[in-house]
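Let's take a walk through this structure together, starting with a covalent link and ending at an open space on the protein.

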Amino acid sequence: VQLQASGGGLVQAGGSLRLSCVVSGGTFSAYAMGWFSQAPGKEREFVAAISWSGSSVYYADSVNGRFTISRDNAKNTVYLQMDSLKPEDTAAYYCAAPGRSFLYTGYLQHLWQYDYWGHGTLVTVSS
């Protein structure tokens with residue numbers, strides 16, 4: 001399974017970005033998907049997750065109400081719409097897919113539940 005994330009960039013505070021993650025080599029429609037972030041010098045942390053069907057989502061408190069996770073199973077793609085961005089959102093953002101133990105599940109919010117990771121896409125929010 002390979003994941004390719006894109007859409008990061010430099011944006012002013014209050015602005016928006018949409019991250020995309022295309023998944024190949026697996027059965028995308030069977031996977032719950034997640035987004036995580038990692039700021040310089042900090043551990044990777046949960047941002048948002050979506051169930052395999054897209055019917056349930058979950059967000060970290062820090063982004064709830066500002067970020068929206070969605071998926072298009074026909075395009076093997078998961079998205080993260082980021083609105084009202086803050087300087088503290090500055091980080092590398094990673095999409096992730098779980099292993100075979102977690103097919104057809106609800107959302108997954110823990111790092112250990114994910115086996116496959118894309119390369120990070122950098123989001124920088126200026127004040």
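This predicted model holds one disulfide. The partners are Cys21 and Cys95, whose sulfur atoms sit 2.0 Å apart. Look along the S-S bond and you will find an angle of 65°, which makes the link of Cys21 and Cys95 right-handed. Cys21 belongs to strand E3 (residues 17–24) and Cys95 to strand E9 (residues 91–98), so the bond ties together parts that are 74 residues apart in sequence.

Are these two cysteines buried or exposed? Cys21 has a relative accessible area of 0%, and because buried means under 20%, it counts as buried. Cys95 is buried too, with a relative accessible area of 0%.

Now move to Ser37, which you will find in strand E4 (residues 33–38). With a relative accessible area of 7%, Ser37 is buried. Leaving aside neighbours within four places in sequence, Ser37 is in contact with Glu43, Arg44, Glu45, Val47, Ala91, Ala92 and Tyr93.

Ser37 also leads us to the largest pocket. That pocket has a volume of about 270 Å³. It is lined by 19 residues, and the closest to its centre are Ser37, Glu45, Ser62, Glu88 and Asp89. Which elements give two or more residues to this lining? They are E4, strand E5 (45–50) and E9. E5 gives the most, with three residues. Sorted by class, the lining of the largest pocket has eight nonpolar, seven charged and four polar residues.

Definitions and conventions. Residues numbered from 1 in each chain as written. Predicted model: local features only at pLDDT ≥ 70, side-chain atom pairs only at ≥ 80, totals over all residues. Heavy atoms only, no water. Disulfide = S-S within 2.5 Å. Helix = DSSP H or I, 4+ residues; strand = E, 2+ residues; numbered from the N terminus. Buried < 20%, exposed > 50% of the residue type's maximum accessible area, 1.4 Å probe, protein only. Contact = heavy atoms within 4.5 Å. 1 Å grid on protein atoms, 1.4 Å probe; cavity = no way out; pocket = protein on both sides within 12 Å on 5 of 7 lines; lining within 4 Å. Points joined across faces, edges and corners; volume = space filled by probe spheres on them. Nonpolar A, V, L, I, M, F, W, Y, C, P; charged D, E, K, R; others polar.
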